[in-house]
Amino acid sequence: MNIETEKKFLVLDDGFKAQAVKSYRIRQGYLAHDSGRTVRVRIRDDQGFLTIKGPFLLAGSRPEWEKEISLQEAEDLFALCKPGSVDKTRWIVPAGIRKFEVDEFHGENEGLVMAEIELGSPDEPFERPSWLGQEVTEDGRYYNGYLATHPFKTW
């Protein structure tokens with residue numbers, strides 16, 4: 001099982017789009033989300049994924065298991081998800097030896113743009129582009145599981 005270490009940031013402006021090397025649409029729902037554990041189904045363009053995340057071990061670090069599934073399986077599982085989902089465009093933006101995944105949210109989370117970077121350790125240094133804003137890794141409101149049931153437009 002993989003241990004994911006990521007940091008989350010608000011995004012100041014759309015300067016990241018000129019630096020992006022690709023983008024895709026993501027829709028995701030949650031089969032379970034409690035006590036820091038998450039079971040998620042994601043549809044990315046025409047691919048399906050099932051992801052299980054465990055509780056946080058350290059700031060921004062948690063176990064993660066992901067498996068690609070067929071688009072039909074993802075659609076079938078999506079129908080079983082709890083109420084609320086997340087719809088976003090993900091932009092891939094290189095930054096030194098790492099990359100940012102910048103999520104531009106749609107629907108009830110319209111107006112929210114966040115960047116995530118996966119690191120080898122919580123204290124690994126990384127490039128900070130000019131469009132990168134305040135870190136929100138420790139703020140649970142900015143996690144997709146929360147956004148699915150407490151949309152940004154209602155804050």
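Ala, Val, Leu, Ile, Met, Phe, Trp, Tyr, Cys and Pro are counted here as nonpolar, Asp, Glu, Lys and Arg as charged, and the others, Gly among them, as polar. All views show a predicted model.

**View A. Lining of the largest pocket in the predicted model.** The lining comprises 37 residues, which divide into 18 charged, 10 polar and nine nonpolar. Nearest the centre of the pocket lie Glu4, Glu6, Arg40, Lys53 and Glu116. The space within this largest pocket amounts to about 780 Å³. Rolling a probe the size of a water molecule over the atoms shows where empty space is left.

**View B. Nonpolar surface patch formed by Met1, Ile52 and Trp65.** Together, these residues have about 350 Å² of accessible area. Methionine 1 belongs to the segment that precedes β1 (2-11). Its relative accessibility is 77%, and methionine 1 therefore counts as exposed, the cut-off for this class being over 50%.

**View C. Phenylalanine 16 in helix α1.** The helix spans residues 16-19. Phenylalanine 16 counts as buried because its relative accessibility is 2%, where the class requires a value under 20%. A distance of 12 Å separates the C-alpha atoms of phenylalanine 16 and glutamate 116, which are 100 residues apart along the chain. Glutamate 116 is also one of the residues nearest the centre of the largest pocket.

**View D. Aspartate 45 in the loop between β3 and β4.** Most residues other than glycine have a negative phi.

Methods: Residues numbered from 1 in each chain as written. Predicted model: local features only at pLDDT ≥ 70, side-chain atom pairs only at ≥ 80, totals over all residues. Heavy atoms only, no water. Patch = residues over 30% accessible without salt bridge, like charges linked within 9 Å, V, L, I, M, F, W, Y side chains within 5 Å. Areas by Shrake-Rupley, 256 points an atom, 1.4 Å probe, with all protein chains shown as cover. Salt bridge = Lys/Arg side-chain N within 4 Å of Asp/Glu carboxyl O. Helix = DSSP H or I, 4+ residues; strand = E, 2+ residues; numbered from the N terminus. Buried < 20%, exposed > 50% of the residue type's maximum accessible area, 1.4 Å probe, protein only. 1 Å grid on protein atoms, 1.4 Å probe; cavity = no way out; pocket = protein on both sides within 12 Å on 5 of 7 lines; lining within 4 Å. Points joined across faces, edges and corners; volume = space filled by probe spheres on them.
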